[in-house]
Amino acid sequence: MLRIHYCLLVVMISIIGVLSIAYASEGSDRSYASTEMLVTRAQDLADAERDSAKMEVLVQNILKVHGWVELLDADKQVIHYIGTPLDQSTPEAQRLAEEPEHAPYISSEASFLRKGLLYIYTVKIPVDQLEVSIWDQQSARERDKQIQQYKVLAVLGFILLSTVVIIVYSRWTARKISHPLSTIARGINLLKTGDYTIRLNHKLEGEFLQIGNTLNDMAEKLEEAGALKVRMEKDRQRMLADIAHDLKTPISTLYGYAKALHEGMVKDEVKQQSYLLSIYTKAKRVDALLNTLFDMTQLDHPDYMPDKQVQDLGECMREAILDHFSEMEEKDIQLEVRIPDTEVSCAFDRKQMGRVFSNLLSNAVRYNPAGTRLRVSLETHADGLLLEFADNGIGIPEHLRSVIFDPFVRGDKARSNEGGTGLGLAIAYKIVSLHQGSLQLLGTAEECTIFRIRLPYF
């Protein structure tokens, strides 16, 4: 942008310089023109015969350049000289007739009548005085002084106009720079105060436009990061509350039963066994919850990397189905498997991906009624693999679909101690993301719940 401004300044100064030079040249021409005097001719004298004042001026112009006037009669005999001729001994007419190209003067003739008689004026001007005659109205010093005045005016005009242009240009350039800079500085100060909603809508140009766009992008990202931070803080608080809720009931039960047994409040052996079984069950649930929390924390660690190896993904899916096959039989789940018989190789962590498949299968069996149809499919595409776990069961409520992959989200309205931990889908989502894949919840009229996984080959 500044380069363009400098080019404009150079062009404007150059135009002013050209105009100044043109003015000085025009002034010089005017000075010469004002000093120019036309050479007086004999016809001029003949025309001024009856005007004595004009005649006097014309004669003086001739005498100034050392010329002279000859008055001739009808026979071309010299009657009278006005001025001093170059050579009076030789008739001028004879000299011109004999050697006209070598004549030391230029001459002109004009006839006129005076009192009925014919007379002739002959005006003669020396050749060496001809150039002097052209400029004789002013001295050379006066003419040079006038030309010098034009040059001085041209220089002063150039300086004045250049100064005005530079002042206007500097103010214009400063405005072009200071206003965008003040706008950008104001935006940066607002960002420093934590106002990430600021956007620079000022008309910016060149480099300032790039800075403004960069600042807007940074503000947008900071705003998104701030919103994400707020959401993560809310999720953390909710997660802590959910952990406290999930741990409170079993720990309270453990505390109550253990205290009763310790103080000998339960004498009946059958009740003692029942209390011990409850303690074992609740302790097992607390252990499972803590292990799940540990796994989730491990997956969230920035240094964690899945142990990916190239292997058969279809075989891993079949193993997960086999692990839950007895549960499906007990609940009369109608299983439909669409996994290619040929090997489908891709790079994945077998243990972690097995947890994803196991979670999706166990949820489909646990939360759907008997007779539900469950479809498990694997398809190969040019850009990667497509896996689906779909069923036509009770589905997931609409208000939970947008948060289904958040921690401690369950499909039941009341939190049940018999259900899962609410972390399974959150862990599954993280595992798939660590494999550079995606996990989505979809649904159709025939299959109300579809968990779709997309994985790259490597």
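Leaving aside residues up to four places away in sequence, Asp 312 touches Arg 318, Glu 343, Val 344, Phe 348 and Arg 350, where a contact means heavy atoms within 4.5 Å. The model here is a predicted one, in which local features need pLDDT of at least 70 and side-chain atom pairs count only at pLDDT 80 or more, while totals for chains, interfaces and linings use all residues. Residues are numbered from 1 along each chain as its sequence is written, and side-chain values use heavy atoms, with hydrogens and water left out.

Back to Asp 312, then. This residue sits in strand β5 (residues 309-312); helices (H or I, at least four residues) and strands (E, at least two) are DSSP runs, numbered from the N terminus. With a relative accessible area of 15%, Asp 312 counts as buried (under 20% is buried, over 50% exposed and anything in between partly exposed, using a 1.4 Å probe and protein chains only). A polar atom of the Asp 312 side chain lies 3.0 Å from the backbone nitrogen of Gly 314.

Another aspartate turns up at helix α3. Asp 51 caps the N-terminal end of α3, with a side-chain oxygen 3.3 Å from the backbone nitrogen of Ala 53. The helix covers residues 52-64, and its 13 residues should span 18 Å at 1.5 Å a residue, which agrees with end C-alpha atoms that are 18 Å apart; the expected span is 1.5 Å times one less than the number of residues. Buried in α3 are Met 55, Leu 58, Val 59, Asn 61 and Ile 62. Looking down the axis, these buried residues fall within an arc of 155 degrees, so they line one face of α3 (the arc is taken from the directions from the helix axis to the C-beta atoms). They pack against α2 (42-47), β1 (68-72), β2 (78-82) and β4 (117-126). Just after α3, His 66 takes a positive phi of about 65 degrees.

Five strands form an open, mixed sheet in the order β6-β8-β9-β11-β10, with two strands counted as paired if DSSP finds at least two bridges between them. The edges are β6 (334-338) and β10 (438-442), each with a single partner strand, so one side of each has no neighbour in the sheet. Strand β10 runs antiparallel to β11 (residues 449-455), and 5 bridges join the two. Leu 441 stands opposite Phe 451 in β11. Across β10 and β11 lies helix α13 (residues 424-434), running at about 135 degrees to β10; axes are lines fitted to C-alpha atoms, for helices over the stretch in contact, and angles run from 0 to 180 degrees between N-to-C directions.

Methods: A polar contact is a pair of N or O atoms within 3.5 Å; within protein, one must be able to donate a hydrogen and the other to accept it, and residues adjacent in sequence count only if both atoms are side-chain atoms.
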